[in-house]
Amino acid sequence: MFRNRKKQEELDDEPAFFENVAEPAAELIPQPKQEEVEKMENKQTISAEESVLTEDVIVNGNLECDCNLTILGTVNGSVRCGRDLLVKGQIHGDVSAANLELRNGQIEGNVDCENSLTMDRECSIRGNVTAAECLTDGQIYGNLTIAEDLHVQKNAWIEGDITAKQFSVLQGAHLESKIVMLQHLAEEETESDQEKEEVFHTEAEEEEESN
C-alpha cells in the first residue's frame, strides 16, 4: 500500500507532457495586418467594378453584367453590358452596351450602343449597328443607324445602308451603301407634311365650293 502511494506521489510531481502544448497554437496562425486587410477590400471593390473573360474561357449562353467588361475569349450567346464593353475575342450573338470598343474582335450579331462605338482595323461586325456615335476603321456588314456623328477611317469596309446626322469619310475607305442624312430626312418629312396639308386644304375648299 505504501509502495503504491509513493509511486503515485512521484507521478504527481512529474510535469504533464501535454500540459502547455495547446497554448501556442494560436500564435502559429499568422494574423493579417491592417494594411493587408485594406488591400484585400480594395481588390474586391475593383473586381466588382470590372470583369475579364480570359482567352481560354468559352461561354455557351447569354451573358449580362452591370460593370465594365473585357472579353478576350468566346461567347456563344448574346451579351448585355450596362457600362463599357471591350471585345478582343469573339461574340456569336447580339450585343448591347453603353460604350463598345472592338480591338481585333469579331461580333456576329446586331449591335446596339447607347453612346459610342469604336472599331480598329482588325475587327468586324456582321449585323446591323445602332449607336449615338461611331468611329470605325474595321469591317461592318449590315446597316448603320448613327444618331450623331459617324467617322469612317481609311481602312474601313462597310456593306450596308448608312443613316447618320453627320458623316465623314477618309480616302481609302470602301463603302457599298446608300447614305441618308438625318437632317435632310427631317426636312423631307417636313416638306411632305406641308404638301399633305396643302392637299387637304385644297380638297376642303373644293367641297365648300361644290356645296
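Leaving aside its neighbours within four places in sequence, which residues is threonine 70 in contact with? Contact here means heavy atoms within 4.5 Å. The list is Glu50, Ser51, Val52, Leu53 and Leu86.

Before I go on, the ground rules. This is a predicted model, where local features need pLDDT of at least 70 and side-chain atom pairs count only at pLDDT 80 or more, while totals for chains, interfaces and linings use all residues. Residues are numbered from 1 along each chain as its sequence is written, and side-chain values use heavy atoms, with hydrogens and water left out.

Back to threonine 70. It sits in strand S4, residues 68-71. Strands are DSSP runs of E, at least two residues, numbered from the N terminus. Is threonine 70 buried or exposed? It counts as buried, at 11% relative accessibility. Buried means under 20% relative accessible area, exposed over 50%, partly exposed in between, with a 1.4 Å probe and protein chains only.

Now the open sheet. Eight strands form it, in the order S2-S5-S7-S9-S12-S15-S17-S19, and the pairing is parallel. S2 (58-60) and S19 (174-176) are the edge strands; each has a single partner strand, so one side of each has no neighbour in the sheet. Two strands pair if DSSP finds at least two bridges between them.

Look at S5 and S7. Residues 74-76 and residues 90-91 pair in the parallel sense over two bridges. Threonine 74 has glutamine 90 as its bridge partner in S7.

Beyond four places in sequence, valine 59 is in contact with Leu53, Thr74, Val75 and Asn76. Glycine 73 is 14 residues from valine 59 in sequence, and 8.3 Å away C-alpha to C-alpha.

Next, strand S14, residues 133-136. Cys134 and Thr136 make up its covered face; Glu133 and Leu135 make up the uncovered one. S14 pairs in parallel with S11, residues 116-119, over four bridges. Serine 116 stands opposite glutamate 133 there. S14 is also joined to S16, residues 144-152, by three bridges, again parallel. Cysteine 134 has leucine 150 as its bridge partner in S16.

Last, the core. The largest nonpolar core has 35 residues. Such a core is a set of buried Ala, Val, Leu, Ile, Met, Phe, Trp, Tyr and Cys residues joined through side-chain atoms within 4.5 Å. Leu69, Val79, Leu85, Leu100, Leu102 and Leu117 have the most contacts inside it. Take leucine 85. Beyond four places in sequence, leucine 85 is in contact with Leu69, Ile71, Val79, Val95, Ala97, Asn99, Leu100 and Glu101.
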